[in-house]
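Dear colleague,

I am passing on the structure below, together with some notes on its ligand and its cavities. Please read them alongside the coordinates.

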Amino acid sequence: MRRASKIRDLVKGTSLTVNDLIYPVFIKEGISKPEPIDSMPGQYRLPMEDSLKEVEVLTSLKVPSVILFGIPKKKDATGSEAYRRDGVIQSAVKEVKSVFGDKIAVITDVCLCQYTDHGHCGLVKDGEIVNDETLRLLTLIAVSHAEAGADIVAPSAMMDGQVQAIREGLDSAGYSNVAIMAYSAKHASCFYGPFRDAAYSRPVFGDRQSYQMDYSNSDEALREVELDIDEGADIVMVKPALAYLDLIYRVKTTFRMPTAAYNVSGEYSMIKAAGRMGWLDEKSAALEVLTAIKRAGADMILTYFAKEAAEWLSS
Ligand code: PBG
């Protein structure tokens, strides 16, 4: 059955397609030209106008969805730029939706870490992250994104109860059609390093281990996912993806929910780096990894390879 490629095609168990891909885009306030991100070759911080050009490229490649990350000019203790009605993401979503409408599904990341001066995903009191007071701010962010036109909001702060708070906030503001993609099993991972360079979101003190999951645990990932489903998540996520294929498999087979996997910045950059060194064939490595993530059970993959993969898959 492996003798010839057409026979292999007949028995292929997993086919990666462009419809599986979600492309992350960084939008930075107050710049006029794209800024290359050194630790993520091929990725840029974009000014608002260029983010529209980027979405144009994505729609022409038939990539169905984009997730937007904002980088504000000012940061403060409560991350107030994150829930300003004309903040960087709110403005970008409005523009993208008015130009492209339903030609692209717009997802927004709902978190505080890019917007707080201390770089944590929640409010800080006496050196501790305060869960419950953070929920109100996460809800404000999500509602402001919905008001701007986001199709799906994606809470990534790993605060307990965030999905329920956001669902209630969206419903009472009249956005019951806005879906929630929950970063449910999000682990404290060194693989987010390049993203934190890109978004200047490294915590100023401590780390994220008091709210993001311990990567040694897998039953806990199932409990986190179950809670998020009970709280109203429409899509659940495992993050990172490559070193977490067992969790993608367990989450998919246990809950049968739409399941997303985040092929994070460090997973992207290590393939790029090896490709540049001539140690790996970048295209083959990326397609093998993305196919494996899908084979493990992911219905959709957030990946910085989305544009390249769309081209590779169409040729
Ligand atoms: C915000 C957020 C992070 C990522 C996605 N949303 C950073 C973090 O938790 O430190 C990481 C994505 C990546 O590494 O590609 N909380």
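A polar side-chain atom of Gln212 lies 3.0 Å from an oxygen atom of the ligand, and a polar side-chain atom of Lys186 is placed 2.7 Å from a ligand oxygen atom. Taken alone, the ligand exposes 400 Å², of which the protein buries 100% (Shrake-Rupley accessible areas, 1.4 Å probe).

Please keep in mind that this is a predicted model, in which local features need pLDDT of at least 70 and side-chain atom pairs count only at pLDDT 80 or more, while totals for chains, interfaces and linings use all residues. Residues are numbered from 1 along each chain as its sequence is written, and side-chain values use heavy atoms, with hydrogens and water left out.

The ligand is surrounded by 20 residues, the closest being Lys186, Arg196, Lys239, Ser265 and Tyr304 (a heavy atom within 4 Å).

The space taken by the ligand is the largest cavity (more than half of the ligand's atoms within 2 Å of its grid points; a cavity is a set of points on a 1 Å grid over the protein atoms alone where a 1.4 Å probe fits but cannot get out, and its lining residues have an atom within 4 Å of a point). This cavity has a volume of about 160 Å³ (the space filled by probe spheres set on the points, which are joined across faces, edges and corners). Its lining comprises 18 residues, with Phe69, Lys186, Tyr192, Phe195 and Lys239 nearest the centre.

The second largest cavity has a volume of about 80 Å³, and its lining includes Met158, Ser184 and Glu231.

Best regards

Definitions and conventions. 1 Å grid on protein atoms, 1.4 Å probe; cavity = no way out; pocket = protein on both sides within 12 Å on 5 of 7 lines; lining within 4 Å. Polar contact = N/O pair within 3.5 Å; in protein donor to acceptor, adjacent residues only side chain to side chain.
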